Amino acid sequence: MTPPRPAGTAALMLDDVSVVRGGRTVWSQGTLTVPAGAVVGVIGPNGAGKTTLFQVALGLLPVAGGRVEVLGAAPRRGNHRIGYVPQNYTAAVNEAVRCRDLVTLGVTGGRFGLRRTSAAERARVQRALERVGAAEFADRRMSELSGGQQQRVAIAQAIVDDAELLLLDEPLANLDLRNQQEIVGLLGDLHRERNATIMIVAHDLNPLLPVLTDAVYLLDGHPHHDPITDVVQEDLLTHLYGTPVGVVRTAQGDLFTRAAWRDVHHHHHHSPDGTAP
Amino acid sequence: MTLAQPLAAVQFQSNWLDILTSPFMQHALIGGSMVALAAGLLGYFVITRQNAFAAHALAHIGFPGATGAILVGAPLTLGLAVFCVGGGVLIGLFGRRLADREMATGTILSLATALGVLFAALASANARTTTSVLFGNLLAISRGQLVVFGVFTAAVVLVLAVIARPLVFASVDPEVAAARGVPVRTLGLAFIVLLALTITMAVQVVGTLLLFALVVTPAATALRLTARPGYVAAISVGLALIAVWGGLVLASMIDLPPSFFVVSTAVFAWVVVLAVTAPRRGRRTPTNPAPDTHHHHARVPVSTV
């Protein structure tokens, strides 16, 4: 399902990191290494600090203690090796911008002064738009597109600079099932082609499970990292979310998590090779 | 019959060409054109940054500056500029959250208007002066004011030339822009100072109450036609120039306040474009079209600008 990971520097390394925001410790004692080339689900209850983890990686939020390395270097704003799709991106989109221009800003948006976008830059934008399947509506306004189309454009902007690390905050929120599957498929493809590390904040793990290799989970105020199969366990997820969560494995080997406030055990009896705790 | 008398005074002035070429009209044309240029360039950002209320408020915040200037005997433009830029910086410092900014802007706006009334009373400014601040007096622009306008307009154009691209990024996509190392907050402050300078000029042309017609309406009209920032800027400047020139020509022909004609021309263009583009934009993508892409029937029937 996933290609072997290349040897090399870690995508994200935390060493005893704590993060404080507005006087409140968001999380602490974060010690983990996300290997390069992983597809990582970032999970945890609301307010656990998932977006905060991204802000640390992006250099937007200094840590209160410990050491952070992103792609082998200290975090810094304007790191072009990172592509970022913020939360609620599609809700914030503007009537006053075309998709193509938004993706172009991913290349030239930080540049001061007057200089026209070069032919090479335009070609790069076109390639990114084509790669995510957004070329046919690239000249329309963001506000005219569906949520799935807008998410594609946002991903095009994140990959246009050939980022090695993609940070996507709730990319599947507000999408219907079909669009969720298409975006997940696109992320899987991008991962295979580029061997980029992809970190995805998600509330619902299920649509992402086919592509996830790892998970970072924020448990009891501390971030942890494990392979995805070690994380999709009933006792861990139940503890993590503070509500009973069941894990189901179908005959085909597909994993599902489910709210299990009634009869987890009953269900497990019927699963041929359920992953009972 | 009550209407007949005032309306009788409104008639075509056959010597309008002489009026149009007279020195005070020349000042009005030059000053108005500079305002149109600066306002047209900034309009796209006022709209994308959701700063329309701030622009409106800044115009009012200039009011105590103008009456205060009369009170202490300082030049009107100086008083306006100090209050507009000061108010702009205050508003700019009040965070990026729209709700916070709106409340802060509203509060500063009330305080400024109260101060304006106070200063006007203290300076025993006559109604005519107050009226010219509220509604503009395009025909009373002096040579000295033109020099100041020239400096302000040059500053707006030059600074904008340098920051335009990152400012577009910071305006339409602030979170990604910040992550990409764009100094979003600093750009926001720079923008609001440019806006304050432009409003300082515009208030003297169309007045506090009618300022929207030059700062917001042309850009809103342009945005109906295109979403490309450069095109929007060009069309907005063009529309604002047409409004000022058309307004002045009409005011030469008919002896009524030029502000009325300037604003009417701008609003007329907006209404026409609205009417022309409305049916096309009515057929926009349904919020949840079944297939997304890779399916030719998902192609939306709207051909966008």
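These questions and answers walk through a predicted model.

Me: Which element gives the most to the side of chain A that touches chain B?
Reply: The contact draws 35 residues from chain A and 33 residues from chain B. On the chain A side, the elements giving two or more residues are helix 3 (99-108), helix 5 (147-159) and helix 6 (177-194). With four residues, the top contributor is helix 3 of chain A.

Me: How many residues on the side of chain A that touches chain B are charged?
Reply: The chain A side of this contact has 35 residues. Of the residues there, 12 are nonpolar and 12 are polar, and the charged ones number 11.

Me: How many helices does chain B have?
Reply: Chain B has zero strands. Its elements, read from the N terminus, run α-α-α-α-α-α-α-α-α-α-α-α-α-α. The number of helices in chain B is 14.

Me: What percentage of the residues in chain B are buried?
Reply: A residue is buried if 20 or more other C-beta atoms lie within 10 Å of its own. Chain B has 305 residues, and the buried part of them is 47%.

Me: What share of the contacts in chain B with a separation of 6 or more joins residues 24 or more positions apart?
Reply: Take the contacts in chain B with a separation of 6 or more. Among these, residues 24 or more positions apart account for 73%.

Me: What distance separates the centres of domain 1 and domain 2 of chain A?
Reply: The domain assignment puts 1-79, 165-171 and 201-228 of chain A in domain 1, and 82-162 in domain 2. Domain 3 of chain A covers 232-277. Taken over C-alpha atoms, the centres of domain 1 and domain 2 of chain A are separated by 25 Å.

Me: Which element supplies the largest share of the side of domain 1 of chain A that touches domain 2 of chain A?
Reply: Here 13 residues of domain 1 of chain A are in contact with 10 residues of domain 2 of chain A. Helix 1 (50-57) and strand 6 (165-169) of chain A each supply at least two residues of the domain 1 side. By class, that side has eight nonpolar, three polar and two charged residues. Its largest share, five residues, comes from strand 6 of chain A.

Me: Which strands stand at the edges of the open sheet in chain A?
Reply: The sheet has three strands in the order 2-1-4, with antiparallel pairing.

Me: Which residue of strand 2 of chain A does A:Met13 stand opposite?
Reply: Strand 1 (residues 12-21) and strand 2 of chain A run antiparallel, joined by seven bridges. In strand 2 of chain A, the residue opposite A:Met13 is A:Thr33.

Me: Which helix packs on this sheet in chain A?
Reply: The helix touches strand 1, strand 2 and strand 4 of chain A. Its direction makes about 115° with that of strand 1 of chain A. The name is helix 1 of chain A.

Me: What do the buried residues of helix 6 of chain A pack against?
Reply: Helix 6 of chain A has 18 residues and reaches 26 Å from its first C-alpha to its last. Its buried residues include A:Ile183, A:Val184, A:Leu187 and A:Leu190. The buried residues of helix 6 pack against strand 3 (39-43), helix 5 and strand 7 (197-201) of chain A.

Definitions and conventions
Residues are numbered from 1 along each chain as its sequence is written. Chains are lettered from A and ligands numbered from 1 in the order in which they are written. This is a predicted model: local features need pLDDT of at least 70, side-chain atom pairs count only at pLDDT 80 or more; totals for chains, interfaces and linings use all residues. Two residues are in contact if their C-beta atoms, placed from the backbone, lie within 7 Å. Ala, Val, Leu, Ile, Met, Phe, Trp, Tyr, Cys and Pro count as nonpolar, Asp, Glu, Lys and Arg as charged, and the others, Gly among them, as polar. Domain bounds come from an automatic or database domain assignment. The expected span of a helix is 1.5 Å times one less than its number of residues. A residue is buried if 20 or more other C-beta atoms lie within 10 Å of its own, exposed if 12 or fewer, and partly exposed in between; C-beta atoms are placed from the backbone. Two strands pair if DSSP finds at least two bridges between them. Axes are lines fitted to C-alpha atoms, for helices over the stretch in contact, and angles run from 0 to 180 degrees between N-to-C directions.
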